[in-house]
Structures are given as C-alpha cells and as structure tokens.
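I opened this notebook to record what I looked up in the structure. The entries follow in the order in which I made them.

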Amino acid sequence: MLQYQIDVNRTRNRSLTQQEELANYTLGLVCEAGEFGDMIKKTVYHGHAFDSLSAEKELGDVLWYLANICNILGLDMERIMSLNIDKLTARYPEGFSKADSIARRDK
C-alpha cells in the first residue's frame, strides 16, 4: 500500500457512516476534478496563465479523495495502478495509436 494512502487515512471524517463517507468523498473527487478541469479550460480557452502550484494543489485534492475512497472500500492504490498499466499495455502494446484505439478488443 502506498504510504500516501496510509497517511491520508488519518484525516478522514470518522463522524460519518461508511456510506456517508463514500458519498462525501465521491462527490469531493468529482468536484475537485471539475476544479482542475475549469483551471485547464481557463488556460486553454480564456487566456489565463497556467499556474503549476494551483494545478498541484487541485490534483492533490483529487488524490486525497481517491485515496480515502480506496481506504473505505479496502482497495490498494498500488494494485489499482498496476492493474491499469497492465490493461493499457495490453490495449496499446506499442504505445497509444488511433488504430489500436479503434480496434479495441476489450470494449
């Protein structure tokens, strides 16, 4: 298990039920990802300067929520990351290509 996943576990809101925590953190994950998306939208389409520190903070918030969702569900982020790489390696053995994307066998 990632040390980060262990460390964020101490900042969970233990006054909530497991179901309430799961709902709270899932909504938090979606909202924080949206905040990051809004920042990119403003950079690409509105002419705002990209702020690396703000991006890191928003992505850190995304990770916090994701790690605690994993904690609640008893999932190991290292395993999830490994499974994802295995899936992507099988899907794109030579790296991403449009042809492999169109011909995906795991739809």
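**Entries**

I looked up leucine 63 and found this residue partly exposed, with a relative accessible area of 40% (buried means under 20%, exposed over 50%, partly exposed in between, with a 1.4 Å probe and protein chains only). I note that the model is predicted: local features need pLDDT of at least 70, side-chain atom pairs count only at pLDDT 80 or more, and totals for chains, interfaces and linings use all residues. Residues are numbered from 1 along each chain as its sequence is written, and side-chain values use heavy atoms, with hydrogens and water left out.

Leucine 63 lies in helix α3 (helices are DSSP runs of H or I with at least four residues, numbered from the N terminus).

I then turned to helix α2, residues 18–45. This helix has 28 residues and reaches 40 Å from its first C-alpha to its last, close to the 40 Å expected at 1.5 Å a residue (the expected span is 1.5 Å times one less than the number of residues). In α2, I list Glu21, Tyr25, Gly28, Glu32 and Met39 as buried. The buried residues of α2 pack against α3, residues 52–73 (contact means heavy atoms within 4.5 Å). Glycine 47 follows α2 and has a positive phi, near 80°.

Last, I searched for disulfides (pairs of cysteine sulfur atoms within 2.5 Å) and found zero. Cysteine 31 is in no disulfide, and the nearest cysteine sulfur, that of cysteine 70, is 18 Å away. Cysteine 70 is buried, with a relative accessible area of 4%.

Technical notes: Helix = DSSP H or I, 4+ residues; strand = E, 2+ residues; numbered from the N terminus.
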